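User: I am new to this structure and would like to go through it by question and answer. Please show it first.

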Amino acid sequence: MVIAYVKETLEDFYTTLKRMDKRQFLHQLVGLGLVVCSALMIWRGLMFVTNSESPVVVVLSGSMEPAFRRGDLLFLTLWEANDPLKVGDIVVFKVEGRQIPIVHRVIKAFTDPSNEVFMLTKGDNNQVDDRGLYSPGQEWLQRRHIMGRAQGYLPYIGMVTIVMNDYPMVKYALIGLLGLLVLTNKE
């Protein structure tokens with residue numbers, strides 16, 4: 001039943017593409033390019049407004065439960081002028097040698113004589129602090145490691161991202177389907 005529907009839909013897309021002349025196809029392709037460029041501009045705008053290299057992140061593990069659950073979408077900012085990072089803040093940080101950022105709470109912080117802030121983090125659901133996650137020999141996080149401070153969240157919205165990362169074929173099928181929809185749009 002589902003396979004027949006998918007086959008019929010793909011055949012309809014193919015027929016629609018075949019009926020398009022080159023100018024109409026090019027128009028649709030430019031439309032797709034504009035959608036992609038708009039998304040990138042919105043992302044860059046969010047980066048500027050939030051002062052964070054990644055204004056939105058997805059929680060990938062249960063280490064911050066009950067505050068955040070796997071799949072929650074976090075909104076980050078990094079404006080420290082009026083509100084410096086402090087104990088109790090939930091931060092997203094990236095450590096050298098690791099690709100995936102980590103979302104944990106600051107449990108200790110101090111400022112050295114040169115005004116450099118040093119922080120120690122821990123997941124709310126973890127038994128020990130994060131020194132084992134830091135780079136070898138690293139005892140504290142510094143400002144350069146912090147990507148942002150959590151300001152809000154939407155529960156479970158990020159599960160889509162997790163599913164697409166766990167099952168890459170879902171991601172490719174979704175991207176292909178969206179591309180076909182844009183290219184065969186009759187407006």
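User: Which residue in β7 does V92 stand opposite?

Analyst: This is a predicted model, in which local features need pLDDT of at least 70, side-chain atom pairs count only at pLDDT 80 or more, and totals for chains, interfaces and linings use all residues. Residues are numbered from 1 along each chain as its sequence is written, and side-chain values use heavy atoms, with hydrogens and water left out. Strand β3 (residues 90–93) and strand β7 (residues 146–154) run antiparallel and are joined by 3 bridges, where strands are DSSP runs of E with at least two residues and helices are runs of H or I with at least four, numbered from the N terminus. Across from V92, the residue in β7 is G148.

User: In what order do the strands form the open sheet, and which are the edge strands?

Analyst: Two strands count as paired if DSSP finds at least two bridges between them. The open sheet has 7 strands with antiparallel pairing, in the order β1-β2-β7-β3-β4-β5-β6. Pairing on one side only marks the edge strands, which are β1 (56–58) and β6 (141–142).

User: Which element gives the most to the lining of the largest pocket?

Analyst: A pocket is an open set of points on a 1 Å grid where a 1.4 Å probe fits, with protein on both sides within 12 Å along at least five of seven lines, and lining residues have an atom within 4 Å of a point. The largest pocket has a volume of about 280 Å³, and the elements that give two or more residues to its lining are α2 (22–50) and α4 (168–183). With 5 residues, the element that gives the most is α4.

User: How many nonpolar, polar and charged residues are in the lining of the second largest pocket?

Analyst: The second largest pocket holds about 190 Å³ of space, and strand β4 (residues 102–111) gives the most to its lining, with 3 residues. Ala, Val, Leu, Ile, Met, Phe, Trp, Tyr, Cys and Pro count as nonpolar, Asp, Glu, Lys and Arg as charged, and the others, Gly among them, as polar. By these classes the lining has 8 nonpolar, 3 polar and no charged residues.

Definitions and conventions
Points joined across faces, edges and corners; volume = space filled by probe spheres on them.
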